[in-house]
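This report describes selected parts of one protein structure.

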Amino acid sequence: MLSGLPFPIRKLLRDADLELEAPATARIFTNRDLAFERIPVIGFDMDYTLALYRQAALETLSLECTVEKLLRRGYPAQLAKIGSDPEFAIRGLMVDKKYGNIVKMDRHGYVGRAYHGKRMLSRSERKSLYRTQRLGSEYERFAAVDTLFSLPEVNLYAEVVELIDQAPGLWAPQRAPSYGEAWNDVRECIDLSHQDGSIKDRIHADIGRYFAIDPELGPTLHKFRSAGKRLFLLTNSLYSYTDAVLSYVLSDQLANYESWHGYFDWIVVGAEKPRFFTGARLFQELDGAGATVGEPVAEPRRGRIYLGGNQAGLQRALGVAGDEVLYVGDHIYGDIVRSKKSSGWRTALVVDDLEHDLEVRRSRRLLLDEIEHLSQLQIRLTDEITGLRYLSRAVSKMTVEELVRGGAGKDAEGLLEEARAQVRQRVDRLRKYEEETAQTLARRIEEVDLSFNRYWGSVFAARKDVSRFGAQVDSYACIYTSRVTNFRFVSPVKYFHAPHGSLPHWQRG
Ligand SMILES: [Mg+2]
């Protein structure tokens, strides 16, 4: 396709930006400039990247498997009654194990919203717990919720906290666990459910229930390949699971691909990311049925399937420089931060929440503009009141004698009284106006937050600032988008331009 054309023609096409029109929710956003033309190799994670889970079904399953294990540890039978609540957990939250709270922070680590169990903390409760400290560095006390797989445990933990508080008698003859112990139990039981296969075996047995099919996946991968790009799969899932999932989401999409294997030049399963990026494990070749073939090797060969391995070996096999590889994944830490730091790969983050976020931003545009306007107004009012307070203090200290010495006539006392009254009135008026503005602003923010997510607001924003998650997306991903198939709208020679970096004092008034 385009890469086969002579350069002047490609340049013409690129300058004319001849690309398919993408819907607004399918846009790809750029944090750091990236010339797609100079990316000959693209790698993909599987879970939540190529293969999209039906989150509600997965959450229900995850809950069932984990609760079963908690009951065996003596947790109250009431736990079996809790339902899934996919909205309650979003990425970027932190669990405060000490107090049994779940908090959302802005990019500076300040807590803007917090729940104890499922109850939202009032402003004063929140302030008394979190005002003085910037969070994020106390690793012992806080647990980050970073992967989509870890969302169900947040809801489950909140429900356990509710049971600890409201029904301590249920735990007899044992004592109720501390909030910290409960978190560790929930985590361990979820981990066990993943390790012992209870979750993946059940998904494997009923793939269609847990995965959505995107009919554009095959065509998107094919578009990359016809543009001369080579593709690889790098997943932590093991072979039989990978085979079942990719067969389901990619089978029968394009006639010229007999199976999903044909889309990829290199296939690495059971990669154990993020360790893959720093370790030295060898590559074990597997056959199409998942059985081992021969001895482990240092470098994977094209067209074969491998278990394990390491980044350096794969990099040698790819035969290009680190910054000529784009790796597409959904996990900020495991896929994006590590691959970028250790290998210099360029990174694309898949954030499925983005679709909903863009949709709300579009449909609530007027409301968002109003919030912006009210915030500016609030800042101006606060500044003005501060200035007037200073004036008010100066006027109240002033004496009649000073006025007379300054040339005032015999009505000096009356003048002074009048000046004091005027300043007081103005302060009172502005205070009232400020209060009304603050109230309206709070109502508007609440209203727009409900559209994003009724518990937490936008995944990317914290009140008027960027959330911790939003800041991570910004810092670590070169580009980000809601799903892999959005790349079908992009020319293989596209230049992704980042908005020019700016500091606050570079912006115009
Ligand atoms: Mg993944």
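Ile305 is buried, at a relative accessible area of 8%; buried means under 20% relative accessible area, exposed over 50%, and partly exposed in between, with a 1.4 Å probe and protein chains only. Ile305 belongs to strand E14, residues 305-308. Helices (H or I, at least four residues) and strands (E, at least two) are DSSP runs numbered from the N terminus. This is a predicted model, in which local features need pLDDT of at least 70 and side-chain atom pairs count only at pLDDT 80 or more, while totals for chains, interfaces and linings use all residues. Residues are numbered from 1 along each chain as its sequence is written, and side-chain values use heavy atoms, with hydrogens and water left out.

Leaving aside residues up to four places away in sequence, Ile305 touches Tyr239, His261, Ile267, Gln284, Glu285, Leu286, Asp287 and Gly288; contact means heavy atoms within 4.5 Å. The C-alpha atom of Ile305 is 9.7 Å from that of Leu233, and the two residues are 72 residues apart along the chain.

Two packed helices are described by the angle between their axes and the distance between the axes. Axes are lines fitted to C-alpha atoms, for helices over the stretch in contact, and angles run from 0 to 180 degrees between N-to-C directions.

| Helix pair | Axis distance | Crossing angle |
|---|---|---|
| H4 (residues 151-166) and H5 (residues 179-195) | within 10 Å | roughly 140° |
| H2 (residues 55-72) and H4 | 9 Å | about 55° |
| H2 and H5 | within 9 Å | roughly 120° |

H2 is oblique to H4. Angles under 35 degrees count as roughly parallel, over 145 as roughly antiparallel, 65 to 115 as roughly perpendicular and the rest as oblique. H2 passes H4 in a right-handed crossing; a crossing is left-handed if the near helix is turned anticlockwise from the far one by less than a right angle, and right-handed if clockwise. On the H2 side, the contact is made by Gln55, Glu59, Ser62, Leu63, Thr66, Val67 and Leu70, and on the H4 side by Leu151, Pro152, Asn155 and Leu156. By class, this contact of H2 with H4 has 6 nonpolar, 4 polar and 1 charged residues. Here Ala, Val, Leu, Ile, Met, Phe, Trp, Tyr, Cys and Pro count as nonpolar, Asp, Glu, Lys and Arg as charged, and the others, Gly among them, as polar.

H2 and H5 are also oblique to each other, and their crossing is right-handed. In this pair, Ser62, Cys65, Thr66, Lys69 and Leu70 of H2 meet Asp185, Val186, Cys189, Ile190, Leu192 and Ser193 of H5.

The crossing of H4 and H5 is right-handed. Among the residues that make the contact are Val161 and Asp165 of H4 and Tyr179 of H5. The contact of H4 with H5 has 10 nonpolar, no polar and 3 charged residues.

Asp165 leads on to His116. The side chains of His116 and Asp165 are joined by a polar contact of 2.5 Å, a polar contact being a pair of N or O atoms within 3.5 Å; within protein, one must be able to donate a hydrogen and the other to accept it, and residues adjacent in sequence count only if both atoms are side-chain atoms. A polar atom of the His116 side chain also lies 3.0 Å from the backbone oxygen of Tyr99. His116 is part of strand E7, residues 111-116, and counts as buried at 13% relative accessibility.
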